[in-house]
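We will walk through it stop by stop.

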Amino acid sequence: MASRLDHHPRTATRVSLAMVDQARFSDNVRTLWDMMNPCTLCPRRCGVYRGQGQAGFCGAGESPLISSVGPHFGEESVLVGAGGSGTIFFAGCNLGCVFCQNYDISRQRLGRAVSLEVLAEAMLELQHIGCSNVNFVTPTHVTAAIGAAIENARNTGLTIPTVYNTGGYDSVETLRRLEGLIDIYMPDMKYSNAETAGELSAAPDYPQVNLAAVKEMHRQVGNLQIKQGLASRGLLVRHLVLPDNLAGTTEIVDFLADTISPQTVINVMGQYHPCYEAAAHPAINRQPTRDEIDTARIYAQQKGLTVLD
Ligand code: SF4
C-alpha cells in the first residue's frame with residue numbers, strides 16, 4: 001500500500017502534545033501523555049522519562065515507531081471483510097516472549113518515527129481504500145499516540161471500528177483512558193501460570209494482570225457484535241495453544257465462561273512453532289500436536305464459548 005508514511009522522514013519531529021494544540025484532545029488522552037513521564041503506561045511501570053530520551057523495557061520514546069501499514073487478509077475473518085483489516089504495526093513491545101515471531105519489530109524495533117498527524121492520516125487512508133477497520137498491532141506502549149491520533153482522525157472523518165490488538169499485558173488504569181476510543185479489544189490470553197509467564201515472556205505477573213485487563217475490556221465493549229459477517233464492537237480473545245498445555249487453556253477458558261461471559265468469542269490458535277529463542281527452552285521447542293490443539297478447542301466449545309474456525 002502506498003502510504004504517506006512512505007514519504008515521511010525516518011526521524012520525525014519528536015511528538016509532544018506541547019507542540020500541538022492541547023485543547024484539541026480529551027482529558028483522557030492528555031493523561032495518557034502525562035503517564036509517559038515517568039512512564040507508567042503499562043504494568044511494568046518502568047518510571048523512565050520517555051520525553052527526555054530515556055527508554056524502559058519496551059525501548060519506546062514518545063514518538064510511535066511504525067513498521068508497516070496496510071490491509072491484512074490473514075486476521076480473523078470477522079475482521080477482514082472484502083477490504084482487509086487495516087493493520088498498523090508498531091515497533092517495540094512491553095513483553096519479552098522468547099518465541100516471538102516478529103522479533104525484528106518487537107525487539108530490534110525496526111520502524112519509522114511518525115507524527116500524530118501522519119498516524120491519523122494513515123488511519124484515514126486505510127478507511128479510504130476500503131479496509132474494514134483500523135487494527136493497532138502491539139499498541140500497549142504507544143497508547144498515548146494512538147488515543148491522540150484516533151481523536152484527530154475521528155474529527156476529520158474516521159468512522160470504521162478501531163481494533164486494539166494486544167499481547168494482553170495492559171494495565172486497567174491505561175485501558176480506562178481508552179474508553180470510547182477503542183471499538184474492538186482483541187487481547188491475547190497467553191498464560192495462566194506465573195512461572196511459565198516469567199520464563200517465556202519475562203512477566204511473572206502476566207496471569208493476574210491479563211485477567212484484570214480482559215475484565216476491563218469487556219466492561220467497556222461487551223461481547224463481540226458481528227453484523228453481516230464483520231465485527232463492529234466487542235471483545236475477541238486470542239489464545240495460542242502451547243505444547244503440554246503450558247498456556248493453561250483450561251483455566252483461561254473457565255475464567256472467560258464463568259467470569260466474563262459464556263458468549264465470549266475466542267480464537268484458539270494452533271499455529272505455534274518454535275522460533276527466535278525458543279530452542280533454549282526445551283518445553284516449547286516443538287509444535288503442539290493435533291490432539292493438543294483439538295483438546296483445547298473442544299474444551300472451549302464444551303464451556304459454551306464461540307470458537308472461531
Ligand atoms: S510502556 Fe514501556 S517504558 Fe512504559 S512502563 Fe511499559 S515497558 Fe516501561
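Is N245 buried, partly exposed or exposed? Its relative accessibility is 42%, so N245 counts as partly exposed. Keep in mind that this is a predicted model. N245 is not a glycine, yet its phi is positive, at about 55°. Most residues other than glycine have a negative phi.

Next, go to T138. It lies in the loop between strand 4 (134-137) and helix 5. T138 also has a positive phi, about 60°, and it is not a glycine. How accessible is T138? The value is 24%, so T138 counts as partly exposed.

From T138, look across to G53. The two are 85 residues apart in sequence. In space, their C-alpha atoms are 21 Å apart. G53 belongs to the loop between helix 1 and strand 1. With a relative accessibility of 65%, G53 counts as exposed, because exposed means over 50%.

Q52 has 61% relative accessibility, so it counts as exposed. Which distance separates Q52 from E62? From C-alpha to C-alpha it is 8.8 Å, and the two are 10 residues apart in sequence.

M35 lies in the loop between helix 1 (27-34) and strand 1 (65-72). Is M35 buried or exposed? Its relative accessibility is 7%, so M35 counts as buried. The cut-off for buried is under 20%. Which residues does M35 touch, leaving aside its neighbours within four places in sequence? They are T40, L41, E173 and T174. M35 can also be compared with G47 in position. They are 12 residues apart in sequence, and their C-alpha atoms are 9.2 Å apart in space.

P38 is another stop between helix 1 and strand 1. Look at the bond that joins N37 and P38. It is a cis peptide bond, with omega about 0°. Most peptide bonds are trans.

Now turn to the ligand. Which residues surround it? The list is C39, C42, R45, C46, V48, R50, G56, F57, C58 and H141. How do the residues of this shell divide? There are 6 nonpolar, 2 polar and 2 charged. The ligand takes up the space of the largest cavity.

Move on to L158. It is in the loop between helix 5 (143-155) and strand 5 (162-166). L158 has a relative accessible area of 5%, so it is buried. What does L158 touch, not counting residues up to four places away in sequence? The contacts are M123, L124, Q127, V134 and A153. Compare the position of P71. L158 and P71 are 87 residues apart in sequence, and 16 Å apart from C-alpha to C-alpha.

Further along comes D188. Where is D188 placed? Its loop runs between strand 6 (184-187) and helix 7 (194-201). D188 has a relative accessible area of 15%, so it is buried. The side chain of D188 makes a polar contact with the side chain of K190, at 3.0 Å. D188 also touches T166, G167, G168, Y206, N210 and R238, with residues up to four places away in sequence not counted.

The last stop is H218. Here the setting is a helix: H218 is in helix 8, residues 206-221. Its relative accessible area is 18%, so H218 is buried, since buried means under 20%. Which residues are in contact with H218, leaving aside its neighbours within four places in sequence? They are N223, L235, I260 and S261.

Go back over the stops once more. M35 counts as buried, whereas Q52 counts as exposed. L158 is buried, and T138 is partly exposed. Find each of them again in the picture.

Key. Residues are numbered from 1 along each chain as its sequence is written. This is a predicted model: local features need pLDDT of at least 70, side-chain atom pairs count only at pLDDT 80 or more; totals for chains, interfaces and linings use all residues. Side-chain values use heavy atoms; hydrogens and water are left out. Helices (H or I, at least four residues) and strands (E, at least two) are DSSP runs, numbered from the N terminus. Buried means under 20% relative accessible area, exposed over 50%, partly exposed in between (1.4 Å probe, protein chains only). A polar contact is a pair of N or O atoms within 3.5 Å; within protein, one must be able to donate a hydrogen and the other to accept it, and residues adjacent in sequence count only if both atoms are side-chain atoms. Contact means heavy atoms within 4.5 Å. A residue is near a molecule or strand if one of its heavy atoms lies within 4 Å of it. On a 1 Å grid over the protein atoms alone, a cavity is a set of points where a 1.4 Å probe fits but cannot get out, and a pocket is an open set with protein on both sides within 12 Å along at least five of seven lines; lining residues have an atom within 4 Å of a point. A molecule sits in a cavity or pocket if more than half of its atoms lie within 2 Å of its grid points. Ala, Val, Leu, Ile, Met, Phe, Trp, Tyr, Cys and Pro count as nonpolar, Asp, Glu, Lys and Arg as charged, and the others, Gly among them, as polar.
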